[in-house]
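Let's take a friendly walk through the inside of a protein model. Please have the sequence and the 3D view ready, and follow along residue by residue.

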Amino acid sequence: MKTYDGPASDHFDGLHFFDPDGSPPKSLGEVLRWQFGGGRKRAVWPEWAPSPHADTPPPRVEGDKVRFCFVGHASWLIQAAGLNILVDPVWSMRASPFSFAGPKRHNDPGIAFDKLPAIDVVLVSHGHYDHLDVATLSKLTAAFAPRVITPLGNDVTMQASDAAIKAEAFDWHQRVELGGGVAATLVPTRHWSARGLFDRNKALWASFVLETPAGKLYIVCDSGYGDGRHFRRVAEAHGPLRLAILPIGAYEPRWFMQDQHMNPEDAVKALADCGATQALAHHHGTFQLTDEAIDAPAIALGQALDAASVPREKFVALKPGQVFEI
């Protein structure tokens with residue numbers, strides 16, 4: 001497997017990327033302990049949990065409005081300033097290197113692929129299969145030939161699979177002009193990356209700050225909470241933030257997941273730290289990656305908001321196909 005080759009930095013040692021303020025991923029032994037150790041309590045998800053919503057987006061959204069459609073899991077369509085932007089698009093049935101095994105969809109994408117408007121830009125946060133889906137990227141490339149903006153090394157993964165994918169790789173803190181006054185800055189996030197057993201952290205991971213006419217959007221596709229410094233630093237460097245997209249799922253068991261995935265209580269703290277006016281939840285309800293029930297993240301989000309005396313309408317968990325506008 002080809003991997004990134006570049007100069008060392010404060011978060012790249014010449015072979016592996018690392019987060020100076022994060023935690024390394026769990027060892028294989030800890031993975032086996034979680035999967036096969038005694039006392040595991042893995043909730044059973046329904047075989048199929050269809051959303052009551054399905055979206056047919058407009059061709060473009062102009063002016064100072066931004067339209068968000070939740071496609072499912074961590075996939076979004078964001079329409080702003082005449083641009084159509086997809087985030088971590090996954091239309092495949094499995095988030096896996098295999099067509100016959102691995103996490104399987106429990107509902108359809110909130111937008112049928114043939115209902116997508118012309119896609120201009122794709123943001124891909126990191127290499128995990130539930131975020132970087134080369135089959136979907138190839139299909140998007142064939143249909144629309146969008147720019148694909150991604151952290152260092154993930155372009156190698158994409159183009160090794162399909163040389164036609166127009167991947168552009170960037171480091172943390174780099175700002176990319178997308179057109180129409182819209183720009184994306186890659187920012188550190190508390191996570192890690194891998195596609196197989198031997199490429200752990202050989203590609204970078206990131207969140208995005210998206211500048212739009214309606215304000216700045218903070219798009220966190222995967223992250224642990226830690227002590228909250230990653231979120232406070234984004235507020236300091238890029239605030240004020242109009243809206244944050246924050247993950248709330250794939251968090252049980254906590255001993256295994258807490259360093260890399262937030263639970264709803266963590267996400268509410270992250271919202272306070274980053275200072276966004278509004279938040280949308282994602283990373284839940286489509287692929288069963290961990291042990292909590294399919295509806296547990298949305299229920300726990302409401303409880304966490306109540307406990308923090310935050311109005312529930314400030315942090316909304318949509319279902320696939322639902323739309324939110326600012």
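Setting aside neighbours within four places in sequence, Leu178 touches Leu83, Ile85, Val121, Arg147, Ile149, Ala183, Ala184 and Leu210, where contact means heavy atoms within 4.5 Å. Before going on, note that this is a predicted model, in which local features need pLDDT of at least 70 and side-chain atom pairs count only at pLDDT 80 or more, while totals for chains, interfaces and linings use all residues. Residues are numbered from 1 along each chain as its sequence is written, and side-chain values use heavy atoms, leaving out hydrogens and water.

Leu178 belongs to the largest nonpolar core, a group of 39 residues in which Phe68, Ile78 and Leu178 have the most contacts. Such a core is a set of buried Ala, Val, Leu, Ile, Met, Phe, Trp, Tyr and Cys residues joined through side-chain atoms within 4.5 Å; buried means under 20% relative accessible area, with a 1.4 Å probe and protein chains only. A second, separate core has 25 residues, including Val209, Val220, Met262 and Leu305.

Now turn to the helices (DSSP runs of H or I, at least four residues) and strands (runs of E, at least two), both numbered from the N terminus. Helix α4, residues 229-238, has His230, Phe231, Val234 and His238 as its buried residues. Looking down the axis of α4, these fall within an arc of 100°, so they line one face of the helix; the arc is that of the directions from the helix axis to the C-beta atoms. They pack against β8 (182-187), β9 (207-212), β10 (215-219), β11 (241-247) and α6 (264-274).

Helix α3, residues 154-161, buries Asn154, Asp155, Thr157 and Met158. Their arc around the axis is only 160°, which puts them on the same side of α3. The partners they pack against are α2 (134-144), β5 (147-151) and β6 (166-170).

Thr157 also leads us to a cavity: along with Arg195, Asp199, Lys202 and Ala203, Thr157 lies nearest the centre of the largest one, which is lined by 13 residues. On a 1 Å grid over the protein atoms alone, a cavity is a set of points where a 1.4 Å probe fits but cannot get out, and lining residues have an atom within 4 Å of a point. The lining of the largest cavity divides into four nonpolar, five polar and four charged residues, with Ala, Val, Leu, Ile, Met, Phe, Trp, Tyr, Cys and Pro counted as nonpolar, Asp, Glu, Lys and Arg as charged, and the others as polar.

Note on methods. 1 Å grid on protein atoms, 1.4 Å probe; cavity = no way out; pocket = protein on both sides within 12 Å on 5 of 7 lines; lining within 4 Å. Buried < 20%, exposed > 50% of the residue type's maximum accessible area, 1.4 Å probe, protein only.
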